[in-house]
Amino acid sequence: MKIFHLSDLHIGKKVYDFSMIPDQEYILNQILNLAEAEKPEAVILAGDIYDRTVPPAEAVSLMDSFLEKMAELCPAIFIISGNHDSPERLAFGGGLMEKSGVYISPVYNGTVKRVTLEDQWGPVDFYLLPFIKPAHVRAALNSNKTDKIDNEEESEKIRTCTEAVKEALKELPVNKDAVNIILSHQFVTGAVRSESEEVMIGGLDNVDASAYENFDYIALGHIHGPQTISGKPGQIIRYCGTPLKYSFSESGQEKSITVLETGAGGKMETRNLPLKPLREMVEIKGTYSQVTERDFYKDTNWQEDYVRITLTDEQDIPDAMARLRSIYKNLMRLDYDNARTRNNWTPEEGGNENIRTPEELIGDFYSRVNGHSMNDNQKAVCKSIFEGLSKKEMAER
């Protein structure tokens, strides 16, 4: 059986106030073209379908169009909710969609949905576990048991995400003679994060890989960089990553679809189908005069790409963002790398400010921020400003 593994579409996302909808439409059409060529028997969407719990109308419209076209190309589509999704909204109409081969995880209530497909070697079971936290599992545990007092004591023991996932999966009727695939949207310990992901303080969202010990392929979402996590022998724990780059920390990544193929005797193999975006995310560094020189960018696509520019000029360039956007129209972020930023100075508390003149304080601040002292003309302007303020204060008295 050939299976496409995708996750973290984040439809409707904005990056530095740039809408990603045109880029997402482009990449989803590319995925549809690859599905038409590869003819997978199943497609996995492992969470964070949307970027917000209440997605904008254009995001819902785009997902609706993509899902309708994919359902025509592929017999089975499996979807779970991620931490960015509203599980209730995503699951709406799920019962009706199953008639078209689209299976969506319901809101977690203590059970995990299982769907069985057959290939020439036997059953392939898909388990749909939506994004969960310990509180979700505790609530489900408390509502499902008759002995409320004993169950509250038991549920209070579930404090970590590892314990939550283990509790959610511990009583599943896993068929040892089938290929068992679970969709999950969690942070598995050992994965490498990107800047565009939500992080819980202190690693409270970590899930140990042992929580998935009964499964052969763990189709993960949540982490944006494609990677495989170490598991038990014969097991594949895989993050497929996002189909698009959503932060400059991902600029060096190659985005792709993970293709899983199952075979005789439970054999599994994976490969990647590269995805080419409408616009790349690139990082550029140099002085203002360097990055605005035509020879610097003429043989690139940087005028169309999403760009982060780091200027190395010691003096800030007036209105730099607007001026640079006349060349790099999709400039997302502008930074400086110079003596001021490397020093990373902030005013200290409890200094001797009370015995220094305003001119001295301004001069010291200027030096620390810019890495050099004010020139004579700047000192004269500063002095005249304070003299004018002093005369005005005397006149008002």
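E250 is buried in this predicted model, with a relative accessible area of 0% (buried means under 20%, exposed over 50% and partly exposed in between, with a 1.4 Å probe and protein chains only). E250 is found in the loop between strand 14 (236-239) and strand 15 (256-262); helices (H or I, at least four residues) and strands (E, at least two) are DSSP runs numbered from the N terminus. The side chain of E250 reaches the backbone nitrogen of Y246 at 3.4 Å.

The model is predicted: local features need pLDDT of at least 70, side-chain atom pairs count only at pLDDT 80 or more, and totals for chains, interfaces and linings use all residues. Residues are numbered from 1 along each chain as its sequence is written, and side-chain values use heavy atoms, with hydrogens and water left out.

Q24 lies in helix 1. Q24 is buried, with a relative accessible area of 2%. A polar atom of the Q24 side chain lies 3.3 Å from the backbone oxygen of L9.

Helix 7 (residues 161-169) has seven of its nine residues buried, so it is largely enclosed by the rest of the structure. The buried residues in helix 7 are C161, T162, A164, V165, E167, A168 and L169.

The largest nonpolar core has 40 residues (a set of buried Ala, Val, Leu, Ile, Met, Phe, Trp, Tyr and Cys residues joined through side-chain atoms within 4.5 Å). Those with the most contacts inside this core are I11, L45, M63, M70 and I79. Two or more residues come from each of strand 1 (2-6), helix 1 (21-38), strand 4 (42-46), helix 2, strand 5 (76-80), strand 6 and strand 15. Domain 1 (2-274) and domain 2 (281-343) both give residues to this core, so it lies between them. The domain bounds come from an automatic or database domain assignment.

The largest pocket has a volume of about 420 Å³. On a 1 Å grid over the protein atoms alone, a pocket is an open set of points where a 1.4 Å probe fits, with protein on both sides within 12 Å along at least five of seven lines; lining residues have an atom within 4 Å of a point. The volume is the space filled by probe spheres set on the points. Of the 22 lining residues, Y50, M63, L67, L90 and M97 are the closest to the pocket centre. Helix 2 (57-73), helix 3 (87-90), helix 4 (94-97) and strand 6 (102-104) each supply at least two lining residues. Helix 2 gives the most, with six.

Terms used
A polar contact is a pair of N or O atoms within 3.5 Å; within protein, one must be able to donate a hydrogen and the other to accept it, and residues adjacent in sequence count only if both atoms are side-chain atoms.
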